[in-house]
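Subject: Structure handover

Dear colleague,

Please find the structure below. My notes on the chain and on one of its residues follow.

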Amino acid sequence: MADELLRETRKDVLWLTLNRPEVHNALNAAMTDALTDAIRAASVDRNLRAVVITAAGDRSFCSGADLKESAGGMFLSRDGTNPIADVMRAIERCEKPVIARINGRVLAGGLGLVAACDLAYAADHAEFGLPEVRVGLFPAMVAAKLLAKMPLGGLQEMAYLGQPVSAAEAKRLGLVNRTAPAAELDGVIGDVLAKLRQNAPGAIAAGKSALLAMRDMSSDERLAFAEGVIATISGSDEAREGRQAFAEKRLPGWAVEA
């Protein structure tokens, strides 16, 4: 049997490819466990700058939980947590930016993975949907992440009607950052990675953690929390190097020549 998840390190980026194209890259226990482990390992790997999640084939990025395996626990808690929720938590807690490269249809729990990612870029033929109500379910876990990404009315329509939306509509709703023709998608991802390599990895990691923490705070709490964050970051070795590089009109030590 082929590996459910393919791993490839390209320079300083870990590429994770969902590899069950024959079932639209549906999430089973083996794939979710592999994803969680790979993302957790990437988080502490000092040689990596980012993680890209994509999928085999050009029809589907991910169709969500494998319904044939649902009786085995894909919709149930396992040791107190759900396996798909574990992947979403790993993505959010990863110290590296996690980027979704969406090369096909995204449904149900697959949309939860996209919502957990920091950045998402889609081929313009991709579709996005929450069809759970059509099989007697509701996308509660996915909605928990989408509430922070998109307007409530758009989420309700997708969740209640179960109908997919286009990549262009997904961009309008805030589900993806950008769309492009399929042939240009790798160029978009390459451009994003090149820009990330110019920026301070420690600052990005601290900022990602801060954004996650501030999401559920009140306005006053956010400002007070941010005061502490910026004080800490400004005293870091990266910040000192950044200020010195700016004064000396050179690239900082972390930046990679384009």
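For the charges, Lys and Arg count as positive and Asp and Glu as negative, while His and the chain ends are not counted. The place of a charge is NZ of Lys, CZ of Arg, CG of Asp or CD of Glu. On that basis, the mean positions of the 30 positive and 33 negative charges of the chain are 2 Å apart.

The model is predicted: local features need pLDDT of at least 70 and side-chain atom pairs count only at pLDDT 80 or more, whereas totals for chains, interfaces and linings use all residues. Residues are numbered from 1 along each chain as its sequence is written, and side-chain values use heavy atoms, with hydrogens and water left out.

The chain has 10 helices and 10 strands (DSSP runs, numbered from the N terminus: H or I of at least four residues for helices, E of at least two for strands). Along the principal axes, its C-alpha atoms fill a box of roughly 60 × 40 × 40 Å. Of the 258 residues, 46% are buried (under 20% relative accessible area, 1.4 Å probe, protein chains only). Among contacts (heavy atoms within 4.5 Å) with a separation of 6 or more, 66% are between residues 24 or more positions apart.

Lys-208 is buried, at a relative accessible area of 11%. Beyond its neighbours within four places in sequence, Lys-208 contacts Ile-91, Glu-92, Cys-94, Lys-96, Val-98 and Asp-118.

Regards

Methods
Buried < 20%, exposed > 50% of the residue type's maximum accessible area, 1.4 Å probe, protein only.
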